[in-house]
Amino acid sequence: MWTTEKRPRYNRDRLRYPSDLTDGEWEHIKPLIPPAKRGGGKRRVDMRQVVNGVMYVLSTGCQWRYIPKDLPPRSTVNEYFCRWSYDGTLEKMHHALYIKCRELAEREASPTACIIDSQSVKSAEKGGPASIHMGSTQAS
């Protein structure tokens with residue numbers, strides 16, 4: 001909940017881009033980044049900047065060619081994005097940050113309620129075995 005007391009916790013004005021990771025967020029997901037490929041050379045790219053590039057694209061919806069020049073090259077960011085999408089790393093990162101956000105909001109890690117809108121309920125009423133017309137069931 002946004003309150004005057006909690007507002008500074010969510011302030012991202014000091015970051016280069018609002019999508020950049022804070023130091024705390026980075027420390028939380030850093031262990032989730034897979035190690036470099038075996039047999040390859042040492043990574044020459046700053047993984048935090050790669051994650052910032054991925055977060056920039058995901059949060060702004062910009063095209064890959066419009067990634068700002070102060071982030072890693074679009075080919076690098078895109079390669080990691082595709083790899084992490086395939087191997088589940090992005091999902092793990094999202095889940096870890098989601099849990100952390102819920103804890104900071106003083107909520108349980110998993111929601112305990114759900115919302116069903118009236119349109120969903122109306123659709124559900126139309127289906128099911130009772131709606132299938134079986135014809136006459138009288139014995140001859």
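Modeller: Let us begin with a polar contact, which is a pair of N or O atoms within 3.5 Å; within protein, one must be able to donate a hydrogen and the other to accept it, and residues adjacent in sequence count only if both atoms are side-chain atoms. Here the side chain of Asn52 reaches the backbone nitrogen of Leu21 at 2.8 Å. Please note that this is a predicted model, in which local features need pLDDT of at least 70, side-chain atom pairs count only at pLDDT 80 or more, and totals for chains, interfaces and linings use all residues. Residues are numbered from 1 along each chain as its sequence is written, and side-chain values use heavy atoms, with hydrogens and water left out.

Biologist: Where is the place of Asn52, and which residues does Asn52 touch?

Modeller: Asn52 lies in helix α2; helices (H or I, at least four residues) and strands (E, at least two) are DSSP runs, numbered from the N terminus. A contact means heavy atoms within 4.5 Å. Leaving aside residues up to four places away in sequence, Asn52 touches Arg16, Ser19, Asp20, Leu21 and Leu71.

Biologist: Is Asn52 buried or exposed?

Modeller: Burial is judged by relative accessible area: buried means under 20%, exposed over 50%, and partly exposed in between (1.4 Å probe, protein chains only). Asn52 has a value of 2%, and therefore it is buried. In the protein, buried residues make up 25% of the 140 residues.

Biologist: How many helices and strands are there in the protein?

Modeller: The protein has 5 helices and 0 strands, so that the pattern read along the sequence is α-α-α-α-α. Of the contacts with a separation of 6 or more, 54% are between residues 24 or more positions apart.

Biologist: How should I read a nonpolar core, and which members touch the most others?

Modeller: In soluble globular proteins, nonpolar side chains tend to be buried together. A nonpolar core is a set of buried Ala, Val, Leu, Ile, Met, Phe, Trp, Tyr and Cys residues joined through side-chain atoms within 4.5 Å. The largest one here has 20 residues, and Trp26, Ile29, Ile33, Met47, Val51, Trp84 and Met93 touch the most other members. Each of α1, α2, α3 and α4 supplies at least two residues of this core, and the largest share, 6 residues, comes from α2. Ile29, for its part, touches Leu21, Val51, Met93 and Leu97, not counting residues up to four places away in sequence.

Biologist: Which residues are buried in α4, and what covers them?

Modeller: In α4, which spans residues 89-104, the buried residues are Thr89, Leu90, Met93, Ala96, Leu97, Ile99 and Arg102. Their cover includes α1 (23-29), α2 (47-60) and α3 (74-87).

Biologist: How many aromatic pairs does the structure hold?

Modeller: Rings of Phe, Tyr and Trp (its six-membered ring) pair if their centres lie within 6.5 Å; planes under 30 degrees apart count as stacked, over 60 as edge-to-face and the rest as tilted. The structure holds 3 such pairs. One of them, Tyr17 with Tyr56, is edge-to-face, at 5.1 Å centre to centre and 65 degrees between the planes. This pair links distant parts of the chain, 39 residues apart: Tyr17 is in the segment before α1 and Tyr56 in helix α2. Both Tyr17 and Tyr56 are buried. Another pair, Trp64 with Phe81, is tilted, at 5.5 Å centre to centre and 55 degrees between the planes.

Biologist: Why does Trp64 count as partly exposed?

Modeller: Trp64 counts as partly exposed because its relative accessibility is 25%. Phe81 is also partly exposed, at 21%.

Definitions and conventions. Expected span 1.5 Å × (residues − 1).
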